[in-house]
Structures are given as C-alpha cells and as structure tokens.
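Please keep the sequence and the three-dimensional view at hand while reading.

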Amino acid sequence: EKHLREIYPDKTKVMNNKQLHQMIEDGIAKAAQYEIKIEDDVQQYLECMIIYGNDFDMNSKCAWASEILRNKTISGTMKARRLANYSKQLNET
C-alpha cells in the first residue's frame with residue numbers, strides 16, 4: 001500500500017486504505033491467473049492497475065496488455081517486464 005501511495009499519490013488519494021487494500025488483494029489474485037506470482041512482478045501488475053484501471057487486463061483500450069498477459073509461452077516475470085516496458089513507452093509519448 002505504502003509503495004503505491006508514494007509512487008502514485010494523485011491516483012491513490014481517491015481511495016481510502018480499505019479500498020486500496022481491496023484493490024491490491026484483487027490484483028494479486030488476478031495476477032496469479034496470469035502466472036504472475038513473484039512479489040516484484042505482482043507489483044508491476046498492481047502499478048498497471050493504478051495507471052490503467054482495475055480491469056486493464058480486459059479493457060479493449062489496453063489490448064496490448066491483454067495480449068501480453070494471455071501469452072502462454074512466456075513466464076510471469078517476462079509478462080511483468082513486458083507490461084513495464086510497454087507502459088513506459090506509452091508514457092514517454
């Protein structure tokens with residue numbers, strides 16, 4: 001919780017602690033469905049939830065994320081890295 005509040009203060013200030021905790025719990029469960037289970041990788045997934053919305057993995061506006069997450073030929077760590085790289089590229093433009 002603290003990490004997300006520090007990095008994304010504007011996006012998390014609209015959530016109370018209970019709401020943020022619930023988002024984190026939901027995010028951990030959703031990340032696990034995509035074989036993303038290592039703490040740092042889950043953190044990346046949660047950051048995408050903060051930036052793009054809780055449903056970014058299913059949102060047509062984030063088709064790039066869905067494509068990465070549904071790729072069964074890469075590991076959870078590789079998925080998290082690709083999410084981070086793609087997100088970084090989007091935010092640089």
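## Asp57 and its surroundings

Asp57 touches Lys30, Tyr34, Tyr45, Ser66, Leu69 and Arg70, not counting residues up to four places away in sequence; contact here means heavy atoms within 4.5 Å. The model is a predicted one, in which local features need pLDDT of at least 70 and side-chain atom pairs count only at pLDDT 80 or more, while totals for chains, interfaces and linings use all residues. Residues are numbered from 1 along each chain as its sequence is written, and side-chain values use heavy atoms, with hydrogens and water left out.

Asp57 is placed in the loop between α4 (39-52) and α5 (63-69). Helices (H or I, at least four residues) are DSSP runs, numbered from the N terminus. Asp57 counts as buried because its relative accessibility is 2%; buried means under 20% relative accessible area, exposed over 50%, and partly exposed in between, with a 1.4 Å probe and protein chains only. The side chains of Asp57 and Lys30 are joined by a polar contact of 3.0 Å. Such a contact is a pair of N or O atoms within 3.5 Å; within protein, one must be able to donate a hydrogen and the other to accept it, and residues adjacent in sequence count only if both atoms are side-chain atoms.

## Met58, the next residue

Met58 also belongs to the loop between α4 and α5. Is Met58 buried or exposed? Met58 is exposed, because its relative accessible area is 58%. Leaving aside neighbours within four places in sequence, Met58 is in contact with Tyr34 and Arg70. The C-alpha atoms of Met58 and Leu69 are 9.9 Å apart in space, and the two residues are 11 apart in sequence.

## The packing of α3 and α4

Helix α3 covers residues 17-33, and its axis comes within 9 Å of the axis of α4, the two crossing at roughly 120 degrees. Therefore α3 is oblique to α4. Axes are lines fitted to C-alpha atoms, for helices over the stretch in contact, and angles run from 0 to 180 degrees between N-to-C directions. Angles under 35 degrees count as roughly parallel, over 145 as roughly antiparallel, 65 to 115 as roughly perpendicular and the rest as oblique.

Which residues of α3 meet α4? Leu20, Met23, Ile24, Gly27, Ile28, Lys30 and Ala31 in α3 face Val42, Tyr45, Leu46, Met49 and Ile50 in α4 as contact partners. By class, this contact has 10 nonpolar, one polar and one charged residues. Ala, Val, Leu, Ile, Met, Phe, Trp, Tyr, Cys and Pro count as nonpolar, Asp, Glu, Lys and Arg as charged, and the others, Gly among them, as polar.

## Leu20 and Thr12

Leu20 is part of helix α3. With a relative accessible area of 0%, Leu20 is buried. Apart from neighbours within four places in sequence, Leu20 is in contact with Glu1, Leu4, Arg5, Thr12, Met15 and Ile50. A C-alpha separation of 10.0 Å lies between Leu20 and Lys2, which are 18 residues apart along the chain.

Thr12 lies in helix α2, residues 9-12. Thr12 is buried, its relative accessible area being 1%. Beyond the neighbours within four places in sequence, the contacts of Thr12 are Leu4, Arg5, Leu20 and Ile50.

Val14 sits in the loop between α2 and α3, and its relative accessible area of 65% makes it exposed. Glu35, in the loop between α3 and α4, has a positive phi of about 65 degrees although it is not a glycine. Most residues other than glycine have a negative phi.

Leu90 is found in helix α6, residues 76-92. Its relative accessibility of 34% means that Leu90 counts as partly exposed.
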